[in-house]
Amino acid sequence: MKNFVVKTIANAGALAVAVWLLDKITLTGDSTGKQIGTLLLVALIFGLVNFLVKPIVKLFSLPLLILTLGLFTLIVNALMLLLTSWLADKLDLSFHVDGFWTAVLGGLIISIVSWALNLALPDGD
């Protein structure tokens with residue numbers, strides 16, 4: 001359970017950095033507390049999408065992953081971020097990614113920041 005909480009916090013931090021760096025990834029809210037709550041809910045959705053959908057997409061795109069020596073992973077990450085944005089919209093959360101190329105750059109930022117935060121944060125169960 002502790003590992004799940006740590007990964008969710010790391011995802012929320014990575015999403016916050018992407019929102020801060022990219023103008024076309026938006027997170028709106030009335031107050032800072034509401035924005036943090038929305039960010040944590042979006043991080044949960046992002047974690048679920050990465051846990052449930054991403055392995056299936058990677059399996060079906062395996063030939064492209066091999067052909068591009070793994071660079072197609074950037075496209076898969078962008079698609080997962082766009083799916084998270086769409087789900088957040090359906091759940092009436094104020095998180096939006098505007099455009100495919102923004103999602104590619106956002107996915108890259110989120111991957112790097114999440115990796116760094118997972119190294120820094122403890123992960124014991």
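Reply: Helices and strands are here DSSP runs, a helix (H or I) having at least four residues and a strand (E) at least two, numbered from the N terminus. The model is a predicted one. On that basis, the protein chain has six helices and two strands, and their order along the sequence is α-β-α-α-α-α-β-α. The radius of gyration is 14 Å, close to the 14 Å that the globule rule gives for 125 residues, so the chain is as compact as a globular protein of that length. Along the principal axes, the C-alpha atoms fill a box of roughly 45 × 35 × 25 Å.

Of the 125 residues in the protein chain, 34% count as buried. The largest nonpolar core contains 26 residues, and those with the most contacts inside it are Leu15, Ile25, Val42, Leu81, Phe95, Val97 and Ile110. At least two residues of this core come from each of α1 (2-21), β1 (25-27), α2 (32-52), α5 (72-90), β2 (95-97) and α6 (100-120). The element that gives the most is α2, with six residues. As a general matter, nonpolar side chains in soluble globular proteins tend to be buried together.

Leaving aside residues up to four places away in sequence, Leu15 touches Leu39, Val42, Ala43, Phe46, Leu81, Phe95 and Ile110. Among these partners, Val42, Leu81, Phe95 and Ile110 are also listed with the most contacts inside the core. For the chain as a whole, 74% of the contacts between residues at least 6 apart in sequence join residues at least 24 apart.

Phe4, Val5, Ile9, Leu41 and Leu44 make a nonpolar surface patch of about 430 Å². Both α1 and α2 supply at least two residues of the patch, and the largest share, three residues, is from α1. Leu44 lies in helix α2.

Methods: Residues are numbered from 1 along each chain as its sequence is written. This is a predicted model: local features need pLDDT of at least 70, side-chain atom pairs count only at pLDDT 80 or more; totals for chains, interfaces and linings use all residues. Side-chain values use heavy atoms; hydrogens and water are left out. A nonpolar core is a set of buried Ala, Val, Leu, Ile, Met, Phe, Trp, Tyr and Cys residues joined through side-chain atoms within 4.5 Å. Buried means under 20% relative accessible area, exposed over 50%, partly exposed in between (1.4 Å probe, protein chains only). Contact means heavy atoms within 4.5 Å. Patches are made of residues with over 30% relative accessible area and no salt bridge: like charges are joined within 9 Å, nonpolar side chains (Val, Leu, Ile, Met, Phe, Trp, Tyr) within 5 Å. Accessible areas come from the Shrake-Rupley method with a 1.4 Å probe; for residues, only the protein chains shown count as cover. A salt bridge is a side-chain nitrogen of Lys or Arg within 4 Å of a carboxyl oxygen of Asp or Glu. The radius of gyration is taken over C-alpha atoms; the globule rule is 2.2 Å times the number of residues to the power 0.38.
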